[in-house]
Amino acid sequence: MQNYDFKNLNDKEFEVLVNDLLSKREVVAVDRFKAGKDGGIDGRFFTAGNAEIIIQSKHWIKSGIKPLIRRLKKEEVPKVKKLNPKRYIIATSLELSNADKQKIKFAFEPYIISEDDILGQENLNDMLSKHADIEKKHYKLWLSSSNVLSAMLNTALTGRSEAMRDKIISATQMYIVTDNHDRALKKLEELYSVVITGEAGIGKTSLADQLAHHYVGHGFELCVIENDISEAERIFEKDKKQVFYFDDFLGRNFLMAIEGRKDSHVLNFIDRISKDRSKRFILTSRSTVLKQGKKISDLLSIKKIDQKEYEIIIQSLSNLDRAKILYNHIRHGNLEDEYIEEIYIDKRYTKIAKHKNYNPRIIQFITDAERFKDVSPEQYWDHLIKKLDNPQDIWAEVFDEQIDELTRIAVCLVVFNGTSMEEDELQESFSEATIDNGLATVINAHSKYIGMLKIAVGSMLQRTLMGDLTLINLFNPSVADFVLGRYLKNTQSLNVYFSCLNALYSLHNLKSLRKNGKLKDSSYYEIVRNLAVKKINANFLENKTSYFLALTNIIVTDPKAVYSENIPTILENIQNINSITIPEGYIEETCNILKFAISQKPQKFKMTLKSFIIKASQESLTHDELVLLDGLIETLPDLNEDEEIELRNLVKVGIETYWDEEIYQAIADDNVLDEYIHEEQEHEAFDSLHDYLHNKLYDLGLPEEKIYSIARSVDIADILNENMIAASRARGHYTGGGSSRSVYSANDDALIDDLFQKE
């Protein structure tokens with residue numbers, strides 16, 4: 001038997017559940033009573049003799065049985081006597097003892113014919129056990145079942161996934177199942193991956209959360225990706241049920257995702273998921289960010305995401321869906337009754353639902369009592385409508401009046417970093433910024449940080465424990481929108497914040513802000529110049545190598561960023577580049593830096609460059625990185641024939657090793673054989689593969705027999721079989737079209753009034 005407490009349902013959802021269950025038990029169609037004062041009727045049906053049977057539902061999750069019985073005797077019994085039905089059925093979400101049922105039956109005599117018509121929590125659970133279709137229909141109920149909760153709690157999770165799981169569970173009460181949910185779930189079942197897009201605050205993350213919840217409830221392991229798809233690749237287990245979740249996969253700045261071909265990695269992981277029915281992949285992105293990414297990334301613009309095969313665009317919510325979201329935040333939130341009453345005056349809830357600036361994020365904000373502690377009930381409506389009228393200022397009051405200068409500095413640091421920060425990183429940057437601004441000393445900077453954190457967490461920042469790692473992120477993504485709007489024209493402040501940030505992400509964010517037009521070129525170059533002065537040094541080269549290489553690369557590849565007074569310092573530090581280990585993925589930056597050095601001082605940097613090529617060619621590099629090394633040989637001055645042959649042979653060996661080991665991944669990345677699905681196409685597929693390898697490798701010095709050998713090592717028949725399976729599953733796929741829900745219908749007002757009708 002099921003064991004629901006029904007707390008995840010609001011009173012109207014509970015009424016519908018009771019009516020659905022009784023329609024099964026009585027084998028009749030139960031009508032839910034229309035909007036307005038119900039007069040004691042939440043559902044009704046008629047017998048063959050046209051006798052009226054009335055159903056009343058009482059979802060008193062915040063009260064006990066004694067207050068309920070008192071309420072029934074005082075208010076409901078007179079209504080029933082006036083209605084004089086043939087039979088009366090009452091249901092409650094509370095547990096009922098035999099004595100409780102006898103008291104209720106006695107109070108309603110002769111209308112309650114038997115105790116079978118008095119349904120308590122245990123009776124409803126028994127009925128649900130017999131009618132799985134009803135349980136499935138009431139999605140939020142199923143999400144809160146002991147089986148699903150047990151699956152959520154008992155799965156072995158990383159700290160990151162555990163934190164996400166707890167957040168998902170706590171948010172389920174507020175969730176409303178809309179057409180967007182059904183569309184996304186259908187697409188996941190068909191394609192195994194979905195990219196949920198929409199504007200800020202529309203509910204992308206809430207939808208993605210509950211889709212993940214759905215699959216965990218069906219036995220999938222939750223795998224949360226924080227920054228890079230490589231995190232998913234490391235924990236991917238063939239034939240194991242796993243749901244991968246990558247919220248905001250392009251980030252607040254899309255350059256972070258597409259530089260270094262991370263865009264192709266995401267798309268290739270989608271392809272990998274499509275061939276494994278034991279996997280699901282859920283991604284989200286703001287529509288504007290995805291569009292910007294498509295403009296820059298050829299892969300994003302031409303592949304399946306742009307064709308909307310995998311994309312679900314969250315459409316406008318109907319007024320009724322909007323009202324349901326508002327109702328759930330009132331029903332399950334922390335608003336006190338006197339504040340809720342203000343929303344009921346003159347049906348103000350309708351004005352909220354129809355407001356032009358409505359979105360779920362604003363509703364969460366304006367119904368959270370913690371956000372307006374100094375606002376009286378009488379002032380609440382004016383406060384609420386002001387926030388709706390001016391959503392761009394939703395964080396202004398918090399930022400300007402409810403936090404201090406130290407907290408504002410920490411918030412800005414996280415915003416300009418462009419993504420979450422490890423706590424040690426934030427503390428380091430915070431100390432530097434507050435000391436530079438005269439707000440702290442070296443001695444008390446730590447205590448200032450601890451004090452700041454107490455104020456910031458829960459208001460504008462959130463702190464998440466992930467095993468041994470602690471991440472600090474924005475309380476809400478809209479905080480970034482507010483802060484960027486406030487500071488992007490203040491170059492002096494931007495200089496301070498970016499100079500105190502030592503994480504690589506901040507550089508990606510800086511480039512992105514310029515690329516998308518939010519930051520003027522003049523400000524960008526001033527910030528870069530300031531960073532060059534402060535951070536191009538031996539300490540950064542040794543201890544923050546990725547940052548050093550990324551910043552130096554920005555400078556040496558942009559003529560406008562190269563200032564003559566900085567060149568000596570840059571060249572001085574480049575001399576030591578062979579003393580460090582080049583981080584994975586930074587060969588291109590290093591090659592660009594060395595090309596710049598050799599262009600400035602050819603003889604001085606000849607040995608540095610030659611030593612780098614020899615050292616790097618021994619590493620496990622990608623094909624593209626090895627091509628860069630090969631091109632670097634051409635920049636060496638006064639190179640004799642023997643030296644050139646030696647260096648090119650080193651690179652050639654690396655290229656041969658790469659293709660021997662990575663041939664399958666490479667042809668998958670470049671979609672070389674995707675169009676071939678039939679067995680009789682095997683020879684044609686081989687010819688395409690051979691041509692592809694010849695174009696890639698012949699000019700790099702690989703002999704034709706080696707190229708042919710690499711091509712023959714591929715099991716083309718197996719690839720064609722996988723392609724055929726994927727193609728057969730794709731036939732008849734749902735493509736996200738169809739009619740959208742109407743934002744307004746003639747019945748909306750009546751249905752909204754019905755929703756907000758008090759018991």
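User: I am new to this structure. How exposed is Arg-648?

Analyst: This is a predicted model, so every reading is a reading of a prediction. Arg-648 has a relative accessible area of 22%, so this residue counts as partly exposed. The reasoning needs two cut-offs: under 20% is buried, and over 50% is exposed.

User: Which residue does Arg-648 meet in a salt bridge?

Analyst: The general idea comes before the case. Side chains of opposite charge can pair when their charged atoms come close. Here the side chain of Arg-648 meets that of Asp-630, at 2.9 Å from N to O. Asp-630 sits in helix α34 (residues 623-633) and Arg-648 in helix α35 (residues 641-669), so the pair ties together parts 18 residues apart in sequence. Asp-630 is buried, because its relative accessibility is 12%.

User: Which residues do salt bridges with shared partners join into one network?

Analyst: Arg-25, Glu-26, Arg-87 and Asp-117 form that network. Across the model, the count is 38 salt bridges.

User: How far apart in sequence are the parts tied together by Lys-534 and Asp-436?

Analyst: Begin with the contact. Lys-534 and Asp-436 form a salt bridge through their side chains, at 3.8 Å from N to O. Lys-534 belongs to helix α28 (residues 521-535) and Asp-436 to helix α23 (residues 423-436), so the parts they tie together are 98 residues apart in sequence. Lys-534 is partly exposed at 32% relative accessibility. Asp-436 is exposed at 51%.

User: Are Asp-276 and Lys-279 buried or exposed?

Analyst: Check each residue in turn. Asp-276 has a relative accessible area of 8%, so Asp-276 is buried. Lys-279 is at 0%, so Lys-279 is buried too. The two form a salt bridge, with their closest N and O atoms 3.3 Å apart.

Notes. Residues are numbered from 1 along each chain as its sequence is written. This is a predicted model: local features need pLDDT of at least 70, side-chain atom pairs count only at pLDDT 80 or more; totals for chains, interfaces and linings use all residues. Side-chain values use heavy atoms; hydrogens and water are left out. A salt bridge is a side-chain nitrogen of Lys or Arg within 4 Å of a carboxyl oxygen of Asp or Glu. Buried means under 20% relative accessible area, exposed over 50%, partly exposed in between (1.4 Å probe, protein chains only). Helices (H or I, at least four residues) and strands (E, at least two) are DSSP runs, numbered from the N terminus.
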